[in-house]
Amino acid sequence: LMLVRAESAQEAAVIASLRGNPQVTAVHHTTGRWDLIAEIQTDSLSSFNRIVGALRLIDGVTATETNLLLDSYE
């Protein structure tokens, strides 16, 4: 998961850029410190690292925090 802070005036463009990446499987608006949460799926950690680096360079993205989901309990 990548938590994203975006400039308000560019939020729609940031969402479009995130959704345009095939490894981003979903984008969510959220409340609190972060504006968006992007779900990212890749086949390797090195691929994940490259994608995260590219997403951080999207114009209008001002900060990110990335978390890996290790286990899920349903």
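This is a predicted model: local features need pLDDT of at least 70, side-chain atom pairs count only at pLDDT 80 or more; totals for chains, interfaces and linings use all residues.
Which residues line the largest pocket? The lining is made up of Leu1, Glu39, Ile40, Gln41, Phe48, Asn67, Leu68 and Leu69. Sorted by class, that gives five nonpolar, two polar and one charged residues, and the space in the largest pocket comes to about 180 Å³.

Now for the sheet. Four strands form an open sheet, with antiparallel pairing, in the order β2-β3-β1-β4. Strands β2 (24-29) and β4 are at the edges and have a single partner strand each, so one side of each has no neighbour in the sheet. From one strand to the next, the twist averages 25°.

Toward strand β3 (residues 36-40), β1 makes an antiparallel pairing over three bridges. Here you can find Met2 opposite Ala38, while Val4 has Leu36 as its bridge partner.

Helix α1, residues 11-19, lies across β1, β2, β3 and β4 and runs at about 155° to β2. Helix α2, residues 45-56, likewise lies across β1, β2, β3 and β4, and its direction is at about 155° to β4.

Conventions: Residues are numbered from 1 along each chain as its sequence is written. Side-chain values use heavy atoms; hydrogens and water are left out. On a 1 Å grid over the protein atoms alone, a cavity is a set of points where a 1.4 Å probe fits but cannot get out, and a pocket is an open set with protein on both sides within 12 Å along at least five of seven lines; lining residues have an atom within 4 Å of a point. Grid points are joined across faces, edges and corners, and a volume is the space filled by probe spheres set on the points. Ala, Val, Leu, Ile, Met, Phe, Trp, Tyr, Cys and Pro count as nonpolar, Asp, Glu, Lys and Arg as charged, and the others, Gly among them, as polar. Two strands pair if DSSP finds at least two bridges between them. Helices (H or I, at least four residues) and strands (E, at least two) are DSSP runs, numbered from the N terminus. Axes are lines fitted to C-alpha atoms, for helices over the stretch in contact, and angles run from 0 to 180 degrees between N-to-C directions. Contact means heavy atoms within 4.5 Å.
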